[in-house]
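Here is a short note for someone opening this structure for the first time. Please read it with the structure in view.

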Amino acid sequence: MEFEARIQALLAQAQAAPLATQAELEDYKRRFTGKKGAIAELFATLKEVPADQKAALGQALNHLKTQAEARYAEAEALLKAQQPLADQPADLTLPGTLRHTGGRHPLRRVERQIVGIFQRIGFSVADGPEVEDDWHNFGALNFPPEHPARDMQDTFFVTEDKSWLLRTHTSTVQIRAMEAQQPPLRLLMPGRVYRNEAISARAHCFFHQIEGLVVDEGISFADMKQTLTYFVTQLFGPGVQTRLRPSYFPFTEISAEMDVSCRVCGGAGCTVCKHSGWVEILGCGMVDPQVLRNVGLDPERYSGFAFGMGVERCAQLLYRVPDLRLYSQNDLRFLQQFDQLSVSG
Ligand code: PHE
């Protein structure tokens with residue numbers, strides 16, 4: 001048969017040959033694409049064709065070869081995909097099946113972020129127990145027995161005689177730190193606190209606080225304002241507005257509350273900021289001289305400031321979570337939304 005006719009005949013055969021089983025694949029290779037197959041054989045005889053036809057015939061032969069090989073590869077892939085997994089040799093280069101490994105809880109993320117911001121300006125972290133005595137939670141902080149200020153922090157008592165309780169704020173760690181260390185102090189005190197409150201979207205019987213304390217010679221209100229403005233700008237970005245409002249805490253004098261412009265509505269007014277454009281973010285003030293005396297420090301020599309904030313409130317503003325019960329319900333649909341977020345600090 002003439003060379004070109006043989007190419008055409010082979011092309012037709014290669015296209016028609018069955019390729020559905022392993023045996024058919026092997027047969028195809030032997031007949032067409034293999035080392036001793038018909039295509040290789042034709043290549044070997046190409047040198048015998050007249051010189052002026054060589055280029056055209058060579059091209060036709062190459063076309064046949066690519067067509068046949070492509071058909072083979074396609075059928076091979078198809079067959080492999082149909083094979084039960086167990087029959088296939090394991091491909092150790094494939095990426096493994098990813099398991100969900102869990103992520104950091106949103107409150108923990110925010111806590112780490114806040115702690116990181118203060119660590120960068122020289123604060124270190126202090127810790128204290130959640131079960132406290134009356135002195136560290138109230139007495140040393142200027143809440144005398146029966147004082148109405150205690151009503152703001154209704155407590156869970158652990159003993160009948162009310163001498164042990166679940167701490168209502170992390171200010172307890174202020175006292176413990178000042179009892180244990182001499183100034184200068186620059187401390188950050190994160191932790192869980194408890195209050196006897198009805199559970200709703202806005203209140204829970206436990207929440208998380210971060211408190212700060214600075215005590216040294218010559219610490220002023222200006223130091224506090226500067227530190228807190230730096231913090232708020234780091235957490236919420238340079239566009240945030242702040243204001244200080246006079247307030248009352250038994251253990252600070254003078255006392256204030258810091259508000260930030262509402263991130264949810266940008267100050268225009270919404271339910272989060274109760275249509276005021278401002279959201280309270282923390283309580284603060286100059287450490288009361290009596291508190292310094294209570295821990296044996298001389299208020300003529302030392303002064304300081306303290307501040308305390310709720311982690312839930314910061315998280316609500318950062319992530320716009322409308323109901324703080326979500327943080328403790330362990331619903332993975334809620335929690336997994338935070339897994340991919342990156343957190344600095
Ligand atoms: N401990 C206060 C509270 O829980 C917050 C606070 C801390 C206020 C430090 C002033 C200074 O309400």
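The points below go from the ligand site to the backbone and then to a loop.

1. Basis. This is a predicted model, in which local features need pLDDT of at least 70, side-chain atom pairs count only at pLDDT 80 or more, and totals for chains, interfaces and linings use all residues. Residues are numbered from 1 along each chain as its sequence is written, and side-chain values use heavy atoms, with hydrogens and water left out.

2. The ligand shell. Start with the ligand. It has 13 residues around it, and the closest are His 169, Ser 171, Arg 195, Gln 209 and Gly 308. A residue counts as near if one of its heavy atoms lies within 4 Å of the molecule. By type, the shell holds 5 nonpolar, 6 polar and 2 charged residues. Here Ala, Val, Leu, Ile, Met, Phe, Trp, Tyr, Cys and Pro count as nonpolar, Asp, Glu, Lys and Arg as charged, and the others, Gly among them, as polar.

3. Which ligand atom lies 2.9 Å from an N or O atom in the side chain of Ser 171? It is a nitrogen. One is 2.8 Å from an N or O atom in the Arg 195 side chain. For the Gln 209 side chain, the distance from a ligand oxygen to an N or O atom is 2.7 Å. The protein covers 92% of the 320 Å² of accessible area that the ligand has on its own. Areas come from the Shrake-Rupley method with a 1.4 Å probe; for residues, only the protein chains shown count as cover.

4. Elements around the ligand. Strand 5 (206–216), strand 8 (278–287) and strand 9 (303–310) each give two or more residues to the shell. Strand 9 supplies the largest share, 3 residues. Helices (H or I, at least four residues) and strands (E, at least two) are DSSP runs, numbered from the N terminus.

5. His 169. This residue lies in the loop between strand 3 (164–166) and helix 7 (171–180). Is His 169 buried or exposed? It is buried, because its relative accessible area is 2%; buried means under 20%, exposed over 50%, and partly exposed in between (1.4 Å probe, protein chains only). Its side chain reaches the backbone oxygen of Asn 137 at 2.9 Å. The His 169 side chain also makes a polar contact with the side chain of Ser 171, at 3.2 Å. A polar contact is a pair of N or O atoms within 3.5 Å; within protein, one must be able to donate a hydrogen and the other to accept it, and residues adjacent in sequence count only if both atoms are side-chain atoms.

6. Backbone points to check. Most residues other than glycine have a negative phi, and most peptide bonds are trans. The bond from Pro 183 to Pro 184 is cis, with omega near 0°. Another cis bond joins Glu 253 and Ile 254, with omega about 5°; Ile 254 is in strand 7 (residues 252–261). Lys 162, not a glycine, has a positive phi of about 65° and is partly exposed at 47%. Asn 330, also not a glycine, has a positive phi of about 55° and is exposed at 60%.

7. Asp 91. Look in the loop between helix 4 (51–82) and helix 5 (106–119). Asp 91 is partly exposed, at 42% relative accessibility. Its side chain makes a polar contact with that of Thr 93, at 2.6 Å.
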